[in-house]
Amino acid sequence: MIYIVLLISLFIQIVSLQTCSNLERGIDRPGQWYVHLLSTTSAGACCALCDSETQCKSWTFFSAPSILAAGCYLKAFVPPINGSSNCGQTCASGVKDSTLVLQGPCAFPGGAYELAVDRPGATYVHLTSIRTHPKCCAMCQMEGNKCQSWTFVRDGAPNRAGGCFLKTQVAPISNTPCVPCTSGKK
Ligand SMILES: *[C@@H]1O[C@H](CO)[C@@H](O)[C@H](O)[C@H]1NC(C)=O
């Protein structure tokens, strides 16, 4: 009996320790889900579930306990981010890493990258899970018409938040050089 309890608690610990590197708090990707799992109670578990499903390309998790729509939504597509969603800490989303295809303008080498260029402003979402500029570029491509340009800031840049900034317009290039920045247009 004790062994069973220990095994179960170990399993629960492993599940809760599982972290998905592409987890984005406060991001909603509405619609296009193929399954809604009410029993999934954490964003990490929802992310892990998507990783283990071949057909799953992205997911959104809602934690608000009073809402019937709470739970884990697995998606076979990558719906665009709702940039005006204010779900804050009650939601999280993620895109399976292998879904971000680095082709066309996002191919490397040969991508149409603006190295050390900053395009400030017009940001509708800031994704901290994106760790490279080709992936930031690929994310902008996947967002459809909503994303017109992007700037990626390397981690550790002084006085700057790192990550991928997606923009609703072709934001003008800044006159101030930004060594940790890379930008691009759609
Ligand atoms: C996006 O979020 C806003 C604010 O919560 C909401 O009113 C709107 O319906 C959402 N759009 C979609 C497509 O879900």
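Predicted model: local features only at pLDDT ≥ 70, side-chain atom pairs only at ≥ 80, totals over all residues.
Colleague: How many disulfides does the structure hold?
Modeller: There are seven disulfides in the structure.

Colleague: What makes cysteine 106 and cysteine 137 a disulfide?
Modeller: Their sulfur atoms lie 2.1 Å apart, and the cut-off is within 2.5 Å, so the pair counts as a disulfide.

Colleague: Which parts does the pair of cysteine 106 and cysteine 137 tie together?
Modeller: Cysteine 106 sits in the loop between β5 (91-95) and β6, while cysteine 137 belongs to helix α3 (residues 133-142), so the link ties together parts that are 31 residues apart in sequence.

Colleague: Is this link left-handed or right-handed?
Modeller: The link of cysteine 106 and cysteine 137 is left-handed, with -80° about the S-S bond.

Colleague: Why is cysteine 106 called buried?
Modeller: Its relative accessibility is 1%, and buried means under 20%, so cysteine 106 is buried. Cysteine 137, at 2%, is buried as well.

Colleague: How do you know that cysteine 136 and cysteine 164 form a disulfide?
Modeller: The sulfur atoms of cysteine 136 and cysteine 164 are 2.1 Å apart, which is within the 2.5 Å limit. Cysteine 136 lies in helix α3 and cysteine 164 in strand β9 (residues 163-167), so this pair ties together parts that are 28 residues apart in sequence. The link is right-handed, with 80° about the S-S bond, and both cysteine 136 and cysteine 164 are buried.

Colleague: Why is the disulfide of cysteine 178 and cysteine 181 called right-handed?
Modeller: The torsion about its S-S bond is about 60°, so the disulfide is right-handed. The sulfur atoms of cysteine 178 and cysteine 181 are 1.9 Å apart.

Colleague: Are cysteine 178 and cysteine 181 buried or exposed?
Modeller: Cysteine 178 has a relative accessible area of 6% and cysteine 181 has 1%. The limit for buried is under 20%, so cysteine 178 and cysteine 181 are buried.

Colleague: What makes the phi of alanine 116 worth a remark?
Modeller: Most residues other than glycine have a negative phi. Alanine 116 is not a glycine, and its phi is positive, about 60°. Alanine 122 also has a positive phi, near 60°.

Colleague: Where are alanine 116 and alanine 122 found?
Modeller: Alanine 116 is in the loop between β6 (114-115) and β7 (123-127), and alanine 122 is in the loop between β6 and β7.

Colleague: Why is alanine 116 called partly exposed?
Modeller: Its relative accessibility is 35%. Buried is under 20% and exposed over 50%, so alanine 116 falls in between and counts as partly exposed. Alanine 122, at 29%, is partly exposed too.

How values were computed. Residues numbered from 1 in each chain as written. Heavy atoms only, no water. Helix = DSSP H or I, 4+ residues; strand = E, 2+ residues; numbered from the N terminus. Buried < 20%, exposed > 50% of the residue type's maximum accessible area, 1.4 Å probe, protein only.
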